Structure formats: structure tokens, C-alpha cells
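The exercises below are to be worked with the sequence and the coordinates at hand. Each task is followed by a solution in steps.

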2 protein chains.
Amino acid sequence: MPRAGTRPTSRDVARAAGVSQAAVSLVLGDKWRGRVSETTAERVREAARTLGYRPNLAARNLRLGRTRTVLLVVPALTTEFFAGVYTGAARVASRHGFGVVLYPSPEGTGPARDPFASAQAALDGVIASSMAAEALTAIRGDQLPLVMLDSDPEGSVGTATVNLDIAHGVRQVTDHLLGLGHRHFLHLAADVASWTFEVRARELAARLREVPGTSLRTVRAPISIRGAEASAKASLSEAPAPRPTAVICDDDQLAAGAYKAARRLGVRIPEELSVTGMDDLALATAIDPELTTVRLDAELFGERGMQALLAVLEGRSPSAGDIPVELVVRGSTAPARSPH
Amino acid sequence: MPRAGTRPTSRDVARAAGVSQAAVSLVLGDKWRGRVSETTAERVREAARTLGYRPNLAARNLRLGRTRTVLLVVPALTTEFFAGVYTGAARVASRHGFGVVLYPSPEGTGPARDPFASAQAALDGVIASSMAAEALTAIRGDQLPLVMLDSDPEGSVGTATVNLDIAHGVRQVTDHLLGLGHRHFLHLAADVASWTFEVRARELAARLREVPGTSLRTVRAPISIRGAEASAKASLSEAPAPRPTAVICDDDQLAAGAYKAARRLGVRIPEELSVTGMDDLALATAIDPELTTVRLDAELFGERGMQALLAVLEGRSPSAGDIPVELVVRGSTAPARSPH
DNA sequence: CACTGGAAGTTTTACGTATAACTGAGATCT
DNA sequence: AGATCTCAGTTATACGTAAAACTTCCAGTG
């Protein structure tokens, strides 16, 4: 019988069932066809059940040299977006017998800690958002299979990447506003050096350059409602001519900050100012008027990320193609006032 | 030299430094004082560095019988609240050489999967929110040290619990509204069987029973802005007399749903209807008017949870005492219209 | 009847680490 | 000078599992 206070091992189960430890491993590992009789197998299963046996994962991982666990490195979980990414990744993972461990990189400007010091699991691979860039050096140090989310495909040849079609989303937003007659834009940009935000800036500038008579001003803000409010208020009040009639925000949180700034300044949305976001968080329909934004499918993003990592692990090459996004027009955008 | 394609082991380091594997373990484990000379130690460290040696955690965990990793079981991460709990727990943990693995229980009504199947790490202990109740049976099956967050202290004697002083928060909200002259209340309650929400209902009912001439109606809604909107709209439109002048919501998301319902029905907040929430999410100041709510310190909650678990692991008894909360009065509450 | 072949197991080994127990050489003490 | 002690290591072992290699027994075959 097992020593008191200790979890039972496969050897304890073997003793209880009157067989060898190897037989237990075969039966519980479902590799017993033609190696162990049905009656013995049932006896082993019964013994395992009554003892409450659970295999020691550390031992199994050591023996097998793999853990069927992957790490998902994301920025701070201040919105539900990366929760959706996790959900999608975990769904695909569990279908393949994998587990996903979540590592939110520490909030604030703390020094990059080694993610493996915090997620003290042995890992088979890593999925990392480019927004959690600080952690990347530590990851590259290990030779773990890696999939990057929303990262520059040019800058990371050799590494698998999965991207949202952000560029298309930006074009849709811009064309929507141009169609409403807007010509003068404020870009409320995320104050984060990350590829996904560089794309927004580049694509927006490129599209406007094609249309004569447009202007674009950019202001950066930390990704939070409070931070965006401060930046937007400063930028909207001291605005030199031409005064912008539309604010394009890098994400919905920044848009919510723009709402607060407009409210403080007595500027009505959408009559005097159109605002757009990106993500389509729950927040987007909680604010008044509801926000015109670009819907990003976070769960699909996570699914595709995990599929890509599985492909890398199995030596296949991950399927290409950006994930489509969709413009959702709501009440925060309206025709620009006709120029006088 | 290490076989190509394999990660170097401590034995490879030993070979490179010309010492035994035991010496490597001693040096890197910082247990070499008086056992290995300074010059040899430096040689070992140098060899480990050039080989890029990283200890195999599975082997270490197996050897030591502990992992210095704990699991944090939380409900779906749809708000930043549990992100804050994680941040606090991870901060305390890292100070003690522990890591925290996050297990968000699956969204939706899927059957409770074994959290250990997903978080495939060997674990030293578990911190679990009572809102992720489905996972609890699986946890209790193992004999892991456990700390419960926001769970009935009566119902779980023997298990360490860490609680927010929700009851005090509810009393503060209720007294605030009573002081403004409100007498007829709608309780927009979370449609989740969890102790933390039972406390809200019980405490609210108890406080109102002490004040003559008050009425209380309760409607349940799933914890989401959309779900709350539907429930609140139905309840506010078909309202039998006496019509409520204040809506007390179990959390800020529900309050945001109440805002949307009021807007649809043309009811002005706070002139015609006062609304309160709980949590003080970023959302609370993004909506207009800003929400009167109860601030819960998520990070402190996580810190205290981790401290309690460390106490349990070390055989000490965790310090008692609920975590204080704070009423934050903003623009969503106003004096009740004088009764005619 | 000797021989093959499968069923039903068992024995043994390796995974990589941490550490207890041991060893040999020189320095110190009596 | 012999005994003792410290230093600087080494050798050996255990953690729990999975699986390769082996053993034994027996039924069927030529």
C-alpha cells in the first residue's frame, strides 16, 4: 500500500493489482492490445480508480522529452481581446491533446522578466504576440518552436507568423470616412512599438496620399482610456487649422478615450466629430453613440496561431493567408459638415 | 560535446568544464561554498554560458517533488479584473521564487474539463475563484493545497479563503442611495451561482428590510453588457408599481447594460434613474455619465491570495481579515425625485 | 515430435537532476 | 609521527514513467 501522505504511483497501482509496473503503464497508456488480457487490464484500471492514481507529469515529461504544453505570451490582459485568442488557441490545442499556458507579460514598464521563470512548465513551443516584445529575446534564446502573432513577415523570415489583415481594415475605415466627405483626419495612435500599429500608420498615410486635399495629423497615446483621453483632449483643443473632422483610433480603448475628451470639450459625436476604433470590444457598444470599428476575430486568431504551431511541431509548413477583418458601421461616424 | 539537435544537459556542461555532473549541479544550484573552488566554479559557469545550458525543468521537478508553480483558476477573462488578480499573485509569487500559471475556465457552458489536462504542469498548489466553480470538483479530487477566492467561509471550513469585503461595499452603496432619497430599487443580479453574488443579494435585502417604505425587485442577467441590456430593458419597461428609481448592479458590466437599456427606453441617467455598479473597471469612466461604483482592489486580492497559499504551503495559518473596498461616487447617482 | 509463433506478461533501462555518501590529499593539531 | 580535520571534489542513487528487450507458457503446424 502507498505510504501515507504521498500520492500513489504506478508502482502502487501495480502492487494493488498484483502485476508489474510495466503492465500498469501499458494499460493506462492504452497500449495493451495483445499484451495484457482484458481481465488483467480491468483489474489494473479498477486499482487505479480506487487508489485515485494520477500520473506524475514531471516524470512523464522527463521520460517522453515533451510536455504537450505550449506557452501563449500576450500583453497585459486589459481587454477581452487576448482572452479570445487564448480561448481559440486552447480549443484547437485540446483537440490535439495539448494544453496552453497563458503568460501575460507584466503590466507597466517593469524590466522584462524571463517568461520561463514564471511559467515554470517545460514547454514544447511558444505562441507570442508581437505586442509582448520585451519577452522575445528570452524566447529566442531557447531553441523552442515559435509562432509570432501580428508580427512583421519581412522581419522574421524563418519564423512562422499569423497575421490579421489589419491593412485591409484600415483601408475600409479610411474609405468609409472619405465616402462620408471627411478630408481632415486625426490619427490617435498607440504608443507602442509594435508591427501591428506600424501597419495602421503606414496604411492610413498611404491611402490618404492618394486623395488630394486631405490632411493627417498623428498623436500618440498609451493604450488605455485614461491615457487616450489626455492625448486627444490636448490635440483637439490646440488644433491648428485645418481642424480634423474625424479621429481614427488604433483600438477601441483609444476611441473611448477620444469620446471622453470630446465630451469634456463639448464636441458632439458624430455631428461635429466622427470617431472610429479597431477590435470591436464589448466596450464599443457600451459607449454612446455606439462605435464604428473594425471587428477582429480574436478566437480565430488564436485558433490559427495554434494550428500554425502544431504544423511547425510536426514539421509541416503552416498554411498562409491573413485573417480577414470586417468594418462594422455604427453611430459614431456621420457625413462631414459641408465645407464653407 | 552535446549531440547535435539536443539541448545540452548538465552532463554536457560537466564534460566541457572537465568536472563531474555533481559539481555542475552544486555550482549552478549555488550550493558550492566550501565544496568547490572559486576557479572551478567559474569554469563551470563559463561552460554553461557558452553551451547555452538551461536545466531541464521536468527532471528538476521530478527530483525535487515540487515545482514552485501554482495554478490560478479564474472565470473567463472578459474584464481586466482577474488580470489584476493575476498581476498581484504573480508579483508575490516571483518574490518567493514561484511561478503562476493562469487557467481561465472555458467560456460558455461547455462541460467542465479537467483543468490539469489543460495546464499540464505539475503543481504545488491552486488558487481558485469561486466563480470558476465547475472546476472545483476536479481540484478537490487531488489533494493539492488550495486557496479559495471569494468563497463562503462557512461552507469551506478547513480550506483557506480570501475574501473582499463585499458586504460592506453593498451597505455603502445602499446607504448612499437611501441618503439620496431613493426607496424603490431594482437589483440587476448576476446569473451565476457564486457566493460573492449571494452576498450582494443577502446584504442588500437585509439593509432594505431595516428601512420602512422601501421596495426591492430582483432580475437576473448573464454577466455581459448585452445580456444585462436585455434583462434590464424588459424589467424597466414592464415595471409594475412602485417604479424603481435606482438600479443596483452586481458589477460594472451589468451597469453598462442598464445604461443601454435606459437609453433605448428614453430614460435619463441620473435624472430619472440612478445606477450603481461594482468593480470600478475602466469601463466605469468610459460610459456617460460616469458610473458610481464600488472599487475592488484586484491586485491586492491576488497578492493576498498568493500570500495565503504560501502560508498553507509552509504550514503556517494564513492571516485573516477581509480586503477593504471603497465606494466611488460619480455622476450616475442623483437625488430621487421627490415623491408626489 | 521438434519447432514456430503469439499471448501475457516481466525485467530492465533511460530520461536529467539534486544530493547523500564517499574519497584522497594536504594542512593542522597533539 | 600519527591522528584529525578541512578542502575539493567524485561516485552512486532516487525521483516516476514509458518502452525496448526479454521470458514463459501454450496452441498450432509440418
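**Exercise 1. A strand pair and its sheet**

Which residue in β8(B) does His187(B) stand opposite?

*Solution.* The model is a predicted one.

Step 1. The residue facing His187(B) is Ile248(B) in β8(B).

Step 2. Strand β6 of chain B spans residues 184-190 and strand β8 of chain B spans residues 246-249; four bridges join the two, and they run parallel.

Step 3. Both strands belong to an open sheet of four strands in chain B, ordered β7-β6-β8-β9, with parallel pairing. Strands β7 (215-221) and β9 (274-276) of chain B form the edges, each pairing on one side only. From one strand to the next, the twist averages 20°.

Step 4. Packed on this sheet is helix α9 of chain B, residues 195-209, which touches β6, β7 and β8 of chain B. The direction of α9 makes about 170° with that of β6(B).

**Exercise 2. Two helices of chain B**

Determine how α1(B) and α2(B) are oriented and which residues meet.

*Solution.* Step 1. The two helix axes come within 8 Å, crossing at roughly 105°.

Step 1. Angles of 65 to 115 degrees count as roughly perpendicular, so α1(B) is roughly perpendicular to α2(B).

Step 2. From α1(B), the residues Ser10(B), Arg11(B), Val13(B) and Ala14(B) meet Gln21(B), Ala23(B), Val24(B) and Ser25(B) of α2(B). Sorted by class, this contact has four nonpolar, three polar and one charged residues.

**Exercise 3. The surfaces near the DNA strands**

Describe the protein surface near DNA strand C, then the one near DNA strand D.

*Solution.* Step 1. Around DNA strand C there are 29 residues, of which Ser20(A), Ala22(A), Ser37(A), Ser10(B) and Ala22(B) come nearest. Two or more residues each are given by α2 (21-28) and α4 (57-64) of chain A, and by α1 (10-17), α2 (21-28) and α4 (57-64) of chain B. The division by class is 12 nonpolar, 11 polar and six charged.

Step 1. DNA strand D is surrounded by 26 residues, the closest being Ser10(A), Ala22(A), Ser20(B), Ala22(B) and Ser37(B). Here α1 (10-17), α2 and α4 of chain A, with α2 and α4 of chain B, each supply at least two residues. The largest share, five residues, comes from α4(A). By class, the surface near DNA strand D has 10 nonpolar, 10 polar and six charged residues.

Step 2. For chain A, an unreviewed UniProt entry places "domain: HTH lacI-type" at residues 8-64. Over residues 8-64 of chain A, the chain is 67% helix and 0% strand, with the end C-alpha atoms 20 Å apart.

**Exercise 4. The contact between the chains**

*Solution.* Step 1. Chain A brings 43 residues and chain B brings 43 residues.

Step 1. On the side of chain A, the elements giving two or more residues are α4, α5 (81-95), β2 (99-104), α6 (115-118), α11 (252-265) and α12 (283-286). The residues on that side divide into 23 nonpolar, 12 polar and eight charged.

**Exercise 5. Backbone details**

*Solution.* Step 1. Ile269(B) and Pro270(B) are joined by a cis peptide bond with omega about 5°; Pro270(B) lies in the loop between α11 (252-265) and β9 of chain B.

Step 1. Asp288(B) and Pro289(B) are likewise joined by a cis peptide bond, with omega about 0°. Pro289(B) belongs to the loop between α12 (283-286) and β10 (293-295) of chain B.

Note on methods. Residues are numbered from 1 along each chain as its sequence is written. Chains are lettered from A and ligands numbered from 1 in the order in which they are written. This is a predicted model: local features need pLDDT of at least 70, side-chain atom pairs count only at pLDDT 80 or more; totals for chains, interfaces and linings use all residues. A residue is near a molecule or strand if its C-beta atom, placed from the backbone, lies within 6 Å of it. Ala, Val, Leu, Ile, Met, Phe, Trp, Tyr, Cys and Pro count as nonpolar, Asp, Glu, Lys and Arg as charged, and the others, Gly among them, as polar. Two residues are in contact if their C-beta atoms, placed from the backbone, lie within 7 Å. Two strands pair if DSSP finds at least two bridges between them. Axes are lines fitted to C-alpha atoms, for helices over the stretch in contact, and angles run from 0 to 180 degrees between N-to-C directions. Angles under 35 degrees count as roughly parallel, over 145 as roughly antiparallel, 65 to 115 as roughly perpendicular and the rest as oblique. UniProt positions are given in the numbering used here, feature names are shortened, and annotations may be inferred rather than shown by experiment.
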